[in-house]
Amino acid sequence: MVADSPATTKNKKKNPLSDGQGSLAALLISPTMVVILFVVGIPILMSIRESVFRKNEGVDPNTGMVAQGETFVGLQNFTDIFNNPTVVPGNWGQIDRLLNAFLNTTWFTVVCVVLETVLGVAMALIMAKAFKGQGLVRAAILVPWAIPTIVSAKMWGLIFDADGVMNKIIGQQILWLADGPQSQWAIIIADVWKTAPFIGLLTLAGLQTIPAEVYEAAKVDGASAWQQFTRITLPMVKPALVVAVLFRTLDTMRMFDLPAGMIGFGKYYVETVSTLAYVENNNLRYGPAAAYSIILFLYIVFVAFLFVKLLGADVVGDEELKAIQAQRKRQKAAAKAAGSKPQLAKTTVTSGSAAS
Amino acid sequence: MTQPRTMRRVLAAAVAAGALLITAACSSGGTPAGSASASASGSATDWDETGPIVYAQGKDTSGNLKDKVDEWNKANPNEKVTFRELSDSADEQRAEFIKRGQSKSGEFTVMSVDVVWTAEFAANGWLTELPSDKFDTTGYLAAAVDSATYFNKLYAMPSTSDGALLYYRKDLLDKAGVQPPKTWAEMQSICDKILPDQSGMSCYGGQFQKYEGLTCNFAEAVNSAGGAVLGDDGKPTVNSAEAVAGLQWMVDGFKSGMIPKEAITWKEEESRTAFQSGKILFLRNWPYVWNLASAKDSKVAGKIAVAPIPGKDGPGVSTLGGHSYGISPFAKNKGTAMKWINWMLTEDNQKKWLQTASSAPVLESLYSDAELNKQFPYLATLGESIKNAKPRPKAVKYGDVTLAIQDAAYAALQGQSEPQAALDGLQTKLQSLVS
Amino acid sequence: MTAAQAHVTKAELAELNKPKRDGKYWAGTIAGLAGIAFIIIYCVLPFYWMIVSSLRLPSDGRSTDYLPNPASVENYIAVFAPINGFGRSLVNSLIVSTTTTVLTLLFGILAAYALARLRFAAKGIVLSIIIACSMFPGITLIIPLFKLFSGNYPGFEWINWMNTYQALIIPTLSFGLPLCVWNLTAFFRQLPVELEQAAMVDGCTPGQAFAKVILPLAAPGVFTTAIITFIAVWNDYMIALQFGTTPEMYTSIVALSKFTGAYGYDTPWGTIMAAGVIITVPLLVAVLIFQRRIVAGLTAGGVK
């Protein structure tokens with residue numbers, strides 16, 4: 001309660017002159033919304049339609065011609081993973097191809113994002129401590145970020161060649177580009193290389209907002225370096241870090257350029273849902289391809305939801321919305337006398353942290 | 001640190017997306033599913049209609065096609081050909097053609113169709129049936145014509161062909177006083193004789209990365225052992241004892257070190273580089289290697305020669321490659337398309353095309369042409385290879401078939417499954433794919 | 001890592017010869033320097049490999065010498081060989097990226113201002129839709145848009161846009177616009193609302209307040225957003241690959257992915273790497289010049 005009211009009043013104070021600007025807002029927003037409707041909304045509708053149809057595949061035994069047209073198959077494109085699995089050999093044993101791609105996607109996302117975060121935070125800590133060469137480091141760190149993914153895919157493909165420089169350095173011949181567990185690591189290394197610095201950069205910015213006095217006070221209180229890190233640094237950079245990690249996660253889940261450009265299609269160890277949908281589309285199975293991309297989308301939404309729920313990622317970061325929702329909740333709470341207390345308490349905590 | 005409100009916002013995002021989806025489902029209810037209106041074959045084709053046309057093929061790496069098109073356009077100003085250059089990647093070319101077929105677009109009048117696409121394109125009605133009175137295949141390589149035929153009808157005009165060759169180090173074989181091998185066993189014994197004196201050299205290499213090249217190498221091994229992926233009736237026979245023996249040979253090669261381990265990542269270029277840098281004694285590859293390996297900067301220039309690929313008990317059976325010209329049923333000016341194709345395929349033009357673009361011709365007689373043989377020392381061997389060559393499985397779902405083959409072969413080569421078990425699995429898969 | 005360790009020991013030796021300031025101080029400095037060295041090596045080494053590979057002879061494409069031997073610029077000449085059409089593709093990339101950036105800024109500034117400053121009922125939904133857009137896998141948009149752009153959608157046959165600039169630009173708005181609105185909203189939010197209020201108290205309408213007060217203040221943010229959007233569009237592969245299918249309409253990224261050598265099957269590694277360097281270097285220069293801005297933009301640091 002204590003934290004709620006300031007947030008609300010702050011907001012009220014914030015926009016006293018723009019109240020009742022709904023029509024202006026509509027005017028300003030509508031061009032963007034129209035564009036989004038056309039380039040995202042309508043294609044989504046078309047995809048959804050596609051996903052419940054299936055192209056006819058029967059071949060006429062006399063003429064050899066394929067039957068034309070499509071058939072409405074309901075949710076069959078989605079349920080085939082259970083009812084009619086296409087079993088392929090991959091890293092996860094003999095399982096359905098979509099399931100395999102799904103597990104690969106999840107595996108890549110978890111491993112890449114964890115490694116990127118650990119490495120990125122470590123880089124940020126180093127950079128924050130460095131007195132000299134910060135400009136140089138910052139310049140270096142933007143190199144991987146600026147290189148187009150497809151260029152980086154080709155570059156790593158050359159490095160990971162059977163007779164390539166990576167094997168020369170490590171002194172043994174690992175066949176990185178063969179379809180096997182090692183190719184997953186080739187992908188992971190290339191992805192981590194490209195994006196860990198990015199996380200480092202965002203974390204560094206978070207670090208630099210922490211006033212030096214806080215650390216000095218902690219030192220005076222006798223806090224160890226580790227304690228300072230876990231009690232001060234991490235909580236303070238968490239909001240920035242969580243959002244960065246969330247966006248990295250969503251991006252990794254859509255991974256396409258890297259496996260496509262470096263290893264190629266139809267390699268079960270590195271097939272992601274995106275590349276699978278692409279392959280299915282090329283094999284004229286538009287229905288399943290659309291269904292897979294919708295499954296991927298739902299998965300992404302689910303993960304984003306988890307992030308927000310478990311880690312408190314403040315994706316939207318809009319104060320006014322928070323205030324409105326808080327107010328609604330209070331009204332609800334007032335209406336329903338009993339059972340609303342725990343909810344209210346939670347609310348108080350959140351807006352408190354979000355305001356910081 | 002939970003944030004119910006933010007959570008709610010993401011929920012709202014999901015709901016918003018969901019709402020869009022629902023409207024989608026409703027609004028599209030009235031749209032009829034793409035109605036069948038293809039009249040690709042059977043109906044009368046207008047072979048008299050002339051006018052400008054578009055010819056699409058993969059990247060013109062020789063750079064000589066443009067001259068060819070100019071030559072035609074000068075002579076036929078009212079029937080101009082526009083060359084539409086596609087990607088070099090076969091997969092991307094196929095995707096381009098399929099997109100246009102699916103959308104019944106006549107943008108490409110004439111398409112350069114890979115031999116393995118014929119069945120898929122023809123069955124879907126994306127190729128015009130070519131009547132024998134307009135398109136004469138007399139004197140053409142039988143295998144090439146067969147690969148352009150679907151259900152006993154010609155759907156494309158063979159334009160170039162391709163077959164595998166066995167490149168070998170003539171210097172080393174001569175030194176050991178042996179002839180190029182005709183069988184796998186002979187090849188092994190030659191290697192046993194030569195390799196002890198050559199450090200870091202393995203016996204044999206081909207294309208074993210998981211891609212179309214593996215399908216070619218696998219089909220060759222199976223055919224060369226007397227087996228077949230699909231029998232004469234089009235039914236899968238890939239788990240026959242002969243086919244298993246073919247795959248077993250490849251697997252044993254990897255196990256014994258006859259084929260170097262890294263070959264599992266090789267495509268055409270990797271295997272060529274390995275051969276040129278002295279890593280392998282024998283190389284299975286396409287004709288393009290000849291010029292590069294004989295070039296001045298090649299370490300093996302002047303030390304190499306070609307032979308037909310070996311087999312289990314006798315000469316091997318190559319996989320047939322190449323392209324043909326197909327005509328889109330949705331395009332206008334099929335008369336011009338016909339004239340252009342027939343002009344490109346005159347004996348004279350095929351000869352020139354071999355000389356300028358190093359593409360193997362489809363006219364059988366050219367392989368014994370003395371002048372050409374002088375210029376291309378491998379030509380006679382190639383002709384022999386192509387004459388015995390077998391097409392890859394003809395399947396409407398070729399993309400699935402080739403992937404299933406690669407799955408099975410690759411797993412066996414990596415030692416993840418036994419050849420018999422891998423091919424039993426493949427047999428089951430092919431039975432459902434080729435029906 | 002070995003390089004970093006060597007660094008430590010060397011520095012430790014140096015430490016013995018120097019007047020002692022404080023053991024901990026030196027340890028910290030050395031660890032810091034080692035860390036810095038590690039980061040720089042980590043980030044730059046693979047890129048170094050790309051540069052080295054591009055400076056070899058075309059026939060040495062897959063060589064693993066640490067220095068080009070002999071060095072050659074032949075690959076760079078080959079990049080611009082007419083057969084690759086790379087110059088044209090660079091122009092295409094510029095046209096597409098610039099147009100998309102300008103368009104997204106035009107739409108995005110308006111929307112972001114409304115989202116950051118105005119109060120209206122549907123704000124939650126609008127923000128949610130924009131987030132949802134940025135989550136959507138590109139592959140899903142491309143499939144139906146292809147059908148539409150190739151003039152095969154009943155009633156919309158006039159949209160025959162394959163291999164036109166609009167076919168390349170319009171789909172890129174699908175990720176460019178949410179990205180832009182997102183960044184700008186964050187920027188606008190950070191500007192002190194008091195300035196605007198003061199302007200409005202002085203008689204400005206919200207529109208005037210926006211144009212005269214907010215926009216100049218937000219210029220660094222707008223600029224940063226422009227760079228970030230530009231780079232995102234420049235680096236796009238999927239859309240450019242799908243809607244530009246003729247060599248004249250390739251963007252530089254697509255052209256690079258389709259490079260072929262003088263014969264079939266050839267993967268001209270040197271040329272690809274040279275093209276990669278050519279594509280990346282202007283971005284790098286821009287990024288380095290504006291690095292502070294970009295870092296600020298990426299973190300939405302805004303005004304301090």
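View 1. A residue is buried if 20 or more other C-beta atoms, placed from the backbone, lie within 10 Å of its own. Helices (H or I, at least four residues) and strands (E, at least two) are DSSP runs, numbered from the N terminus. This is a predicted model, in which local features need pLDDT of at least 70 and side-chain atom pairs count only at pLDDT 80 or more, while totals for chains, interfaces and linings use all residues. Residues are numbered from 1 along each chain as its sequence is written, and chains are lettered from A and ligands numbered from 1 in the order in which they are written.

In a regular strand the side chains alternate between the two faces of the sheet. Both faces of β7(B) are covered, with B:Leu165, B:Tyr167 and B:Arg169 buried on one side and B:Leu166 and B:Tyr168 buried on the other. β7(B) runs antiparallel to strand β9 (residues 280-285) of chain B, joined by four bridges, and B:Leu166 stands opposite B:Arg284 in β9(B). Four bridges also join β7(B) to strand β10 (residues 304-307) of chain B, again antiparallel; here B:Arg169 stands opposite B:Ile304.

**View 2. An open sheet in chain B.** Five strands form this open sheet in the order β2-β1-β3-β11-β6, with mixed pairing. Two strands pair if DSSP finds at least two bridges between them. The edge strands, β2 (81-85) and β6 (157-162) of chain B, each pair on one side only. From one strand to the next the twist averages 25°, with axes taken as lines fitted to C-alpha atoms and angles running from 0 to 180 degrees between N-to-C directions. Strand β1 (residues 53-57) of chain B pairs with β2(B) in the parallel sense over five bridges, and B:Ile53 has B:Val81 as its bridge partner.

**View 3. Two domains of chain B.** Domain 1 covers 53-162 + 320-388 and domain 2 covers 165-319 + 395-433, with bounds from an automatic or database domain assignment. Their C-alpha centres lie 28 Å apart. In the contact between them, 18 residues of domain 1 meet 18 residues of domain 2, where contact requires C-beta atoms, placed from the backbone, within 7 Å. On the side of domain 1 that touches domain 2, α4 (118-123) and α15 (379-388) of chain B each supply at least two residues. α15(B) gives the most, with six residues.

**View 4. The largest nonpolar core.** This core has 321 residues, and those with the most contacts inside it are B:Val110, B:Tyr167, B:Leu247 and C:Tyr113. A nonpolar core is a set of buried Ala, Val, Leu, Ile, Met, Phe, Trp, Tyr and Cys residues joined through C-beta atoms within 7 Å. Helix α7 (residues 165-190) of chain C contributes the largest share, 15 residues. Not counting residues up to four places away in sequence, B:Leu247 touches several residues, including B:Phe218, B:Ala221 and B:Leu423.

**View 5. Chain C and its contact with chain A.** Chain C has 13 helices and zero strands. Of its 304 residues, 52% count as buried. The contact takes 73 residues from chain C and 82 residues from chain A. Helix α2 (residues 23-54) of chain C gives the most to the side of chain C that touches chain A, with twelve residues.

How values were computed:
Two residues are in contact if their C-beta atoms, placed from the backbone, lie within 7 Å. A residue is buried if 20 or more other C-beta atoms lie within 10 Å of its own, exposed if 12 or fewer, and partly exposed in between; C-beta atoms are placed from the backbone.
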